Amino acid sequence: MSSPRFDIITIFPGMFAGPLDYSIVRRARDAGLIELHVHDLRDWTHDRHRTVDDYPFGGGAGMVMKAPPWFEALEAVRAMDSRPPHVVLLSPQGRTLEQALVRELAARERLVLCCGHYEGVDERVRERLADAELSIGDYVLSGGETAAMVVVDAVTRLVPGVLGSAASAADDSFGGGLLEYPQYTRPAVYRGWSVPEILLSGHHQRIAGWRRQQQLLRTALRRPDLLARASLSVAERGWLEAALRERALETEGEPDDAH
Ligand code: 9D3
């Protein structure tokens with residue numbers, strides 16, 4: 001398959017220089033494993049001030065992003081490649097991004113990411129132009145740009161060849177999802193804080209068991225939502241229940257979030 005292509009349409013194209021020029025996304029671009037193009041929405045305006053917003057019909061505070069630049073931009077950007085794009089509007093009203101949705105997006109050959117703004121976009125853009133609407137979580141951003149960067153990062157990691165096979169296998173496990181176990185490196189004692197003794201023991205079997213237990217406990221305490229979806233053996237369920245009971249006794253009277 002040819003490399004997936006991302007087109008980003010934004011009124012702040014300059015924001016994308018930097019964040020996507022580092023790390024894994026950078027390597028993927030350099031290797032030709034993804035293609036990324038950023039477009040200035042104002043290129044599809046026709047007035048001297050390159051106006052992209054206007055007053056809301058019906059009145060009210062703030063401005064609304066006008067429909068025509070979006071439709072003209074999409075038409076032009078669509079024609080830049082023969083593959084039909086999946087058009088995504090980044091907006092707080094969209095489906096929340098999670099790894100399952102990242103996988104769905106990674107199955108597309110071409111994504112156009114439309115960055116909305118705080119003021120909001122004309123409803124006809126969301127209804128008639130976008131194939132999907134996507135949020136990255138329940139908090140308020142000033143625009144879709146940072147969200148688009150998150151999408152590019154998360155999707156790029158799933159493009160074949162971008163990660164080494166070991167790293168991608170490890171990432172796959174997020175779906176069956178437990179949090180990671182604690183990790184340490186040298187020095188073994190720092191400011192009097194020691195690394196757990198078992199990790200220095202050389203007992204690989206026992207270390208693997210300890211790490212799994214740490215993952216289970218951590219996930220139970222911090223992300224019970226993930227634990228509910230994870231596949232645990234009967235033995236693991238049993239161990240975890242006992243560990244949680246024991247911990248409840250130990251920490252009786254302490255606040256719930258104490259580690
Ligand atoms: C008038 C402002 N808000 C009323 C509740 C709506 C609003 C619209 C647009 C709030 C923020 C924004 C700008 N944010 C995005 O465009 C955005 C976003 C976000 O704010 N949170 C999480 N994901 C995303 S994706 C795009």
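**Ligand pocket and backbone notes**

I started with the pocket lining: strand E5 gives the most to the lining of the second largest pocket, with five residues. Before going on, I noted that this is a predicted model, where local features need pLDDT of at least 70, side-chain atom pairs count only at pLDDT 80 or more, and totals for chains, interfaces and linings use all residues. Residues are numbered from 1 along each chain as its sequence is written, and side-chain values use heavy atoms, with hydrogens and water left out.

**Pocket.** I looked up the volume of the second largest pocket and got about 330 Å³. For the record, a pocket is an open set of points on a 1 Å grid over the protein atoms alone, where a 1.4 Å probe fits, with protein on both sides within 12 Å along at least five of seven lines; lining residues have an atom within 4 Å of a point. The volume is the space filled by probe spheres set on the points, which are joined across faces, edges and corners. I found 22 lining residues, with Leu90, Ser91, Pro92, Leu141 and Gly143 nearest the centre. Strands E5 (86-96) and E7 (132-135) are the elements giving two or more residues to this lining; strands here are DSSP runs of E, at least two residues, and helices are H or I runs of at least four, numbered from the N terminus. By class, I have eleven nonpolar, ten polar and one charged in the lining. Ala, Val, Leu, Ile, Met, Phe, Trp, Tyr, Cys and Pro count as nonpolar, Asp, Glu, Lys and Arg as charged, and the others, Gly among them, as polar.

**Ligand.** Where does the ligand sit? I find it in the second largest pocket (more than half of its atoms lie within 2 Å of the grid points). Around the ligand I get 17 residues, and Tyr118, Ile136, Gly137, Tyr139 and Leu141 come nearest (near means a heavy atom within 4 Å). This shell has nine nonpolar, eight polar and no charged residues. E5 gives the most to the shell too, with three residues.

I then checked N and O distances. A backbone N or O atom of Leu141 is 2.8 Å from a ligand oxygen, and a polar backbone atom of Ile136 is 3.0 Å from a ligand nitrogen.

**Backbone.** I looked up omega between Arg186 and Pro187: about 5 degrees, a cis peptide bond. Pro187 is in the loop between helix H6 (165-172) and strand E8 (189-190). Ser23, in helix H1 (residues 23-30), has a positive phi of about 60 degrees.

How values were computed
A polar contact is a pair of N or O atoms within 3.5 Å; within protein, one must be able to donate a hydrogen and the other to accept it, and residues adjacent in sequence count only if both atoms are side-chain atoms.
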